[in-house]
Amino acid sequence: MGNRVFELIAPCHFGLEAVLKKEIIDLGYDISQVEDGKVTFIGDGEAVCYANLFLRTAERVLIKAGSFRATTFEELFQGTRAIAWEDFIPQDGKFWVKKANSVKSRLFSPSDIQSVMKKAMVERMKEAYGTGVVPETGSSYPLRVSLYKDQVTIGIDTSGDSLHRRGYRKLTSKAPITETLAAALILLTPWNRDRILVDPFCGSGTFPIEAAMIAANMAPGLKRSFLAETWENLIPGQCWEDVRQEAAGMVDTSVPVDIQGYDSDGAIIKAARANAEAAGVGEMIHFQQRPVRELSHPKKYGFLITNPPYGERIEDKADLPELYTSLGERFRALDAWSAYVITAYEDVEKYMGRKADRNRKIYNGMMKTYYYQFLGPRPPKRVKYDADTGERSKGEEDGR
């Protein structure tokens, strides 16, 4: 049973599909399709465990149950009924369409889509199991359905809570960035654990914590549970235990790092420290109450990765020119650093005092934001010595 192969769908933030695709390939799975906001790949029950535990940038992991075209509710009913639900859901399984979304399709009412599909599934399950009632007293198998240009795609959610819920964030700041988005933005930079990382607007600590978890090789799902852990019919319980043990054995929080988070609000810094402790990386991060105008660091070739305020409320907008001017001044005073800034504020370059080298559009929920990338010079190639011959050999060049 555990070796049965599925098509798995991993949704992600719009604009970050390439980061997720690389993560899935690095786990050793084959990609079957990349679309806006999701990556589909091939894997067995074990892949469901690995993907949930290890993927930093996916929002959840779905088992694709089927896909068909429907322009009427009758076609939706028949298409849903034709899927072999008994291959996925046991006789006592609890099932429902948790979420339905429709884009450019003739069927667009989520509640109607949900009720028609539920009826069709009940009929199929009764027929398959030769029963007059479907008890729904067992494990939960919630469905997520998307209609795009009349094409219906049905996924069974293996994750439960969204994967950005790592289990460490007890306290949040006013405008927190999700853990999955923070991890993706870090992975879009050439930062690695040998390089300095500072977030001058760290809020509840998400960027520094995600960076520390990457540095410590800590699987993001290590401290939480997943819905599919009760699906013995599809994934043996031992599989979860084995993958979890493997993940726990890979963690090394003793690696030397320089990761720092600053915020002008002392209460927020306290919350960030508590979150870092809960994540198991408290010792790896230096948090400090410090306004952006006091930002400094003595070393070269560091990274600023940050999500500054962008004035969601009109009254906050007035403070932004001074804030971004300070950020620009302090960034210029740093020696050979790079800055990566995600914001919806449109005058960033004007007040930072320089044009971004790159700019990437990313949707943070429904909000369109830009990831401004101000690149510093590359550090020089490191000189390495061959232990046997004592001769110099040029080391790998770090990214910027």
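Over the ring of which residue does the charged end of Lys118 sit?

## Charges over rings

In this predicted model, local features need pLDDT of at least 70, side-chain atom pairs count only at pLDDT 80 or more, and totals for chains, interfaces and linings use all residues. Residues are numbered from 1 along each chain as its sequence is written, and side-chain values use heavy atoms, with hydrogens and water left out.

The charged end of Lys118 sits over the ring of Phe95, 4.2 Å from its centre. Arg4 lies over the face of Phe88, at 4.8 Å from the ring centre. Such a placement requires NZ of Lys or CZ of Arg within 6 Å of the ring centre and within 35 degrees of the ring normal.

## Aromatic pairs

Rings of Phe, Tyr and Trp (its six-membered ring) pair if their centres lie within 6.5 Å; planes under 30 degrees apart count as stacked, over 60 as edge-to-face and the rest as tilted. By this rule there are twelve aromatic pairs. Phe303 and Tyr340 are stacked, because their ring centres are 6.0 Å apart and their planes lie at 20°. This pair links distant parts of the chain, 37 residues apart: Phe303 belongs to strand 11 (residues 303–306) and Tyr340 to strand 12 (residues 338–343). Strands are DSSP runs (E, at least two residues), numbered from the N terminus.

Both Phe303 and Tyr340 are buried, that is, under 20% relative accessible area with a 1.4 Å probe, protein chains only. Together with Tyr371, Phe303 and Tyr340 form one aromatic cluster.

Strand 2 (residues 30–35) and strand 3 (residues 38–43) run antiparallel and are joined by five bridges; pairing requires at least two DSSP bridges between two strands. Asp30 stands opposite Ile42 in strand 3. The hairpin has two residues between the strands, and Gly37 takes a positive phi near 80° there.

Note on methods
Helix = DSSP H or I, 4+ residues; strand = E, 2+ residues; numbered from the N terminus. Buried < 20%, exposed > 50% of the residue type's maximum accessible area, 1.4 Å probe, protein only.
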